[in-house]
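Here's a quick briefing to read with the model open next to you. Grab a viewer and follow along.

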Amino acid sequence: MKILPKFLIIPFLFSANFAQDLAQISVTIEPVRYFAQKIADGDFVIKSVVDKSADPHTYEPKPATMRDIAKSVAYFGIGTEFDEVWLKRFSANASGVKFYDLSAGIEKINFENLGETHEEVGEGDTRAEKHDHADHTHDGADPHIWLDPILVKQISQNIAKNLCELNSANCAKYEQNLAKFEAELDELHAYALQNLSNLSGAKFIIYHPTLGYFARRYELTQIAVEQGGGEPKPADLADLIKLANDEKIGVIFTSPQFASKAAQILAAQTGAKLTQIDFLSYEWQSELKKLIDEISAAGAQK
């Protein structure tokens with residue numbers, strides 16, 4: 001076996017130890033981990049709390065996750081229902097962790113102002129009046145701000161500001177990385193405008209109403225299949241099938257975190273293309289670009 005000279009071994013060991021000693025930042029979801037890594041550029045270990053295959057509306061962290069958060073120097077929340085339910089518990093058990101809200105400065109809009117959701121809560125149905133860990137509703141502020149490239153610029157500015165507070169010595173680096181990422185976001189926004197500007201008012205169907213801000217930005221209308229956090233009733237599904245056929249809607253979006261039986265029925269009954277987009281993926285840019293391409297292609301077929 002070839003033995004490395006000592007002057008080669010020592011720097012290698014130092015590098016490995018340095019990587020292990022990096023301070024940790026916890027974040028709610030994978031897209032935020034992507035944004036934070038773009039700006040921090042290796043200065044912190046960044047871990048997402050919600051499993052990538054889980055629904056952040058209902059996800060419950062394991063005890064090991066709670067302990068891991070307590071080891072972090074900071075937690076970056078983004079205003080999901082998970083944050084609303086769990087951040088108080090995290091802060092109570094992690095007194096040394098700084099908690100930041102990445103949605104600061106962003107005016108959130110209620111679900112009813114972000115397109116059509118086709119939700120009705122019948123008499124005696126209390127699902128719209130409460131939140132627990134087994135269900136969620138679509139009343140109140142829409143948390144899905146990370147799916148609008150322009151809003152992501154504000155999110156990223158908040159990240160850079162927070163990183164400067166955590167590590168002021170590298171603040172200039174974070175500001176430079178922010179400028180580079182903002183240029184990428186501008187490029188993605190321009191791509192969306194190029195491909196969607198001729199589809200003003202176009203409608204698409206999505207199982208879970210994730211794309212309200214995206215639809216507003218590009219003058220589209222999302223129509224949600226999900227009702228009160230669950231599958232639609234047969235009569236409502238029939239209405240959706242009729243609407244999709246009348247409007248010649250060409251694409252129906254699902255995501256891996258939510259069941260999609262009703263969406264599959266819709267696609268079968270209307271001929272619309274069923275497309276899965278992971279709106280909680282670390283591969284945020286490629287997923288958003290895929291979304292743009294799918295809506296553009298469906299519009300071109302009309």
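This is a predicted model: local features need pLDDT of at least 70, side-chain atom pairs count only at pLDDT 80 or more; totals for chains, interfaces and linings use all residues.

A search of the whole structure turns up one disulfide, and the β-α-β crossover from β1 to β2 is right-handed.

**Helix α8**
- Helix α8 covers residues 234–247, and at 1.5 Å a residue its 14 residues should span 20 Å; the end C-alpha atoms are 20 Å apart, so the two agree.
- The buried residues here are Asp236, Leu237, Leu240, Ile241, Leu243 and Ala244.
- Looking down the axis of α8, those buried residues fall within an arc of 165°, which means they line one face of the helix.

**Strand β1 and its partners**
- In β1 (residues 24–27), Gln24 and Ser26 point one way while Ile25 and Val27 point the other, and all are buried.
- β1 runs parallel to β2 (residues 45–48), and four bridges join the two strands.
- In that pairing, Val27 sits opposite Ser48 of β2.
- To get from β1 to β2, the chain passes through helix α2 (residues 30–40), making a right-handed β-α-β crossover.
- β1 also pairs with β3 (residues 74–77), again in the parallel sense, this time over three bridges.
- Here Ile25 is the residue standing opposite Ala74 of β3.

**Gln285 and its contacts**
- Gln285 belongs to helix α10 (residues 284–300).
- Leaving aside residues up to four places away in sequence, Gln285 touches Tyr34, Lys38, Phe181 and Glu184.
- Gln285 and Leu185 are 100 residues apart in sequence, yet their C-alpha atoms are 8.8 Å apart in space.

**The disulfide**
- Cys164 and Cys171 make the link, with their sulfur atoms 2.1 Å apart.
- The link between Cys164 and Cys171 is right-handed, with 90° about the S-S bond.
- Are these cysteines buried or exposed? Cys164 counts as buried because its relative accessibility is 14%, under the 20% cut-off.
- Cys171 has 18% relative accessibility, so it also counts as buried by that under 20% cut-off.

Terms used. Residues are numbered from 1 along each chain as its sequence is written. Side-chain values use heavy atoms; hydrogens and water are left out. The expected span of a helix is 1.5 Å times one less than its number of residues. Buried means under 20% relative accessible area, exposed over 50%, partly exposed in between (1.4 Å probe, protein chains only). The arc is that of the directions from the helix axis to the C-beta atoms. Two strands pair if DSSP finds at least two bridges between them. A crossover is right-handed if, with the strands pointing away from the viewer, the path from the first strand over the helix to the second runs clockwise. Contact means heavy atoms within 4.5 Å. A disulfide is a pair of cysteine sulfur atoms within 2.5 Å.
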